[in-house]
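Let's take a walk through this structure together. Have the sequence and the 3D view open, and turn the view as you read.

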Amino acid sequence: MTEPLKIGVLLSGSGTNLQAIIDAIAHDALPVEIVHVVSSRPDAFGIERARTAGIPVTVLNRAVYADPQAADARIVEALRAAGAEYVVMAGYMRKLTPVVLDAFPDHVLNLHPALLPSFKGAHAIQDAFDAGVKVTGVTVHLANEDYDKGPIVAQEPVRVEEGWTVDQLEERIHEVEHELYPRVLRVIAEGRMSVGADRKVHIA
């Protein structure tokens with residue numbers, strides 16, 4: 001049996017995507033081990049989720065991020081010490097600098113609540129709702145220095161039902177996130193993902 005894929009998870013909030021990965025490991029035999037969690041905020045509920053699961057946590061704060069590169073150097077140090085192979089952003093509300101991106105080239109995943117390249121930025125769900133689109137969705141992509149522009153790994157559409165509120169759309173988006181992220185991690189853990197010379201992601 002092959003070794004599980006070792007990942008470090010970055011979060012800033014409630015940690016529902018972290019929980020989805022924890023649950024998939026426990027109940028769906030996802031071949032992944034979460035070796036460390038980093039929170040950008042000391043009040044993030046994701047910290048409690050990690051500790052409940054017995055996962056080591058590094059907690060940062062606003063003062064640490066006064067120097068973003070120094071903050072990212074701490075993240076790299078913690079994740080390398082834990083043996084992380086991939087960095088998984090799960091509701092992480094800070095832009096990573098090249099300090100992390102260069103330490104884990106093409107091994108940093110981000111989750112975006114829209115079908116990139118549409119609706120980039122921090123308000124993607126509201127922006128899609130306000131635009132009146134009939135289909136939006138979720139994107140998993142490799143992070144790079146261009147915000148929300150890294151190579152796309154996987155996408156899942158979400159149909160916007162007539163009469164939905166933005167809160168209902170957000171709830172459905174999160175449900176899809178919780179399904180898609182573990183699915184992508186399984187593909188990576190099984191060695192079926194590669195990045196071609198064309199900078200496009202290919203899934204075997």
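Start with a pair of helices: H1 and H6 sit oblique to each other, because their axes cross at roughly 55°. Keep in mind that what you're looking at is a predicted model. H1 covers residues 16–27, and its axis comes within 9 Å of the axis of H6. If you care about the handedness of that crossing, it's right-handed.

Who actually touches whom here? On the H1 side you'll find Thr-16, Asn-17, Ala-20, Ile-21 and Ala-24, and they meet Glu-177, His-178, Tyr-181, Pro-182 and Leu-185 of H6. Sorted by class, this contact between H1 and H6 has 6 nonpolar, 3 polar and 1 charged residues.

Now stay with H6, which spans residues 166–189, and look for another helix, H5, at residues 124–131. The axes of H5 and H6 come within 10 Å and cross at roughly 125°. H5 and H6 are therefore oblique to each other, and their crossing is right-handed. In this contact, Ile-125, Gln-126 and Phe-129 from H5 meet Val-166, Leu-169, Glu-170 and Ile-173 from H6. The class count for H5 against H6 comes to 5 nonpolar, 1 polar and 1 charged residues.

Next, the sheet. How many strands form it, and in what order? There are 7 strands in an open sheet with mixed pairing, and the order goes E3-E2-E1-E4-E5-E6-E7. At the edges stand E3 (57–59) and E7 (152–159); each has a single partner strand, so one side of each is left without a neighbour in the sheet. Going from strand to neighbouring strand, the average turn is 20°, direction ignored.

Strand E2, residues 32–39, runs parallel to E3, and 3 bridges join the two. Along this pairing, Val-37 stands opposite Val-57 in E3. Helix H3 (residues 68–82) packs on the sheet too, where it touches E1 (5–11), E2, E3 and E4 (86–89). The direction of H3 makes about 155° with that of E2. And here H6 turns up again: H6 packs on the sheet as well, touching E1, E2, E4, E5 (108–112), E6 (135–142) and E7. Compare directions and you get about 150° between H6 and E7.

Time for some charges. Side chains of opposite charge can pair when their charged atoms come close. Search the whole structure and 8 salt bridges turn up. One of them is between Lys-6 and Glu-33, with the closest N and O atoms 3.9 Å apart. This pair links distant parts of the chain: Lys-6 belongs to strand E1 and Glu-33 to strand E2, 27 residues apart.

What kind of peptide bond joins Leu-116 and Pro-117? A cis one, with omega at about 15°. You'll find Pro-117 in the loop between E5 and H5. The other stop is Asp-106, which isn't a glycine and yet has a positive phi of about 55°. Asp-106 lies in the loop between helix H4 (98–103) and E5.

Methods
Residues numbered from 1 in each chain as written. Predicted model: local features only at pLDDT ≥ 70, side-chain atom pairs only at ≥ 80, totals over all residues. Heavy atoms only, no water. Axes fitted to C-alpha atoms, helices over the stretch in contact; angles between N-to-C directions. Helix = DSSP H or I, 4+ residues; strand = E, 2+ residues; numbered from the N terminus. Parallel < 35°, antiparallel > 145°, perpendicular 65-115°, else oblique. Left-handed = near helix turned anticlockwise from the far one by under 90°. Contact = heavy atoms within 4.5 Å. Nonpolar A, V, L, I, M, F, W, Y, C, P; charged D, E, K, R; others polar. Pairing = 2+ DSSP bridges. Salt bridge = Lys/Arg side-chain N within 4 Å of Asp/Glu carboxyl O.
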